[in-house]
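Visitor: I have a protein model to look at. Could you take me through it?

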Amino acid sequence: MKSQICVAREIMRQNLLTVKADTTINELISIFLRDKEVQDLIPVVEEDNKLLGVVTMGDILYKKLYPYGPQYIDVIDAGSYYTGYGRYMTSFQKQLNTYVTDIMTRHVRCVTPDTSLESIMLLAVDGHIPNIPVIEKPNTLVGIITRRDILKALENTSSNFSNGN
C-alpha cells in the first residue's frame, strides 16, 4: 500500500532566486520589480547556499529606507519646518548605501525535506508564515514552500483520496 503522507521535498520549489548579503537595497528593489516569479520573500545566502536570512518587500517599506521629501513649507514663513534638500539627499544616500544584511530577518523558521505536510501547514498557519525555507544540515537552503505549494499539495491529496488511491 502506498503511503499518502506528503513531505516537503515533494512540494518545495527548488529553482530559487537568492541574493547575497552584500546586495544593495536598490538592486533588491530591481529584483522584486523585474522577476515575476518572486513572491514576497528572497532567501539571503552565502556561498554553498548557506541560509543567512530572508528579505521581503515589507522589509524595504517598513524599515523606512526610502528618501524623505520636505516635511513642511510655509510661503509666508519660508523655511519653517523645512528639512531641505540636504536631508532628502542624506536619506537617498542611506538607501543607496544600505545592504540586504542590514534589513534581513536572521532568525527564520525552516523545515527539512522530510517534514510532513501536516507540520508544514501548522507552521504556516500558526506562525503566520507565508513562505517557508527548506534546509538540510548544516543550514543549507534546498528549497522553499509557499502557501500556493501547500494548497496544490492539499488539492492533489484530496484528488488521490477521492479516486480511491
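Visitor: Which residues of β1 point one way, and which the other way?
Guide: In a regular strand, side chains alternate between the two faces of the sheet. Strands here are DSSP runs of E, at least two residues, and helices are runs of H or I, at least four, numbered from the N terminus. In β1, Ile42 and Val44 share one direction, and the other belongs to Leu41, Pro43 and Val45.

Visitor: How should I read the numbers?
Guide: The model is predicted: local features need pLDDT of at least 70, side-chain atom pairs count only at pLDDT 80 or more, and totals for chains, interfaces and linings use all residues. Residues are numbered from 1 along each chain as its sequence is written, and side-chain values use heavy atoms, without hydrogens and water.

Visitor: Why is strand β1 largely enclosed by the rest of the structure?
Guide: Buried means under 20% relative accessible area, exposed over 50%, partly exposed in between (1.4 Å probe, protein chains only). β1 covers residues 41-45, and it is largely enclosed because the number of its five residues that are buried is five.

Visitor: Which residue in β2 stands opposite valine 45?
Guide: Strands pair if DSSP finds at least two bridges between them. β1 and β2 (residues 51-56) run antiparallel, joined by five bridges. Valine 45 faces leucine 51.

Visitor: Is aspartate 59 buried or exposed?
Guide: Aspartate 59 sits in helix α3, residues 57-62. Its relative accessible area is 8%, so aspartate 59 counts as buried.
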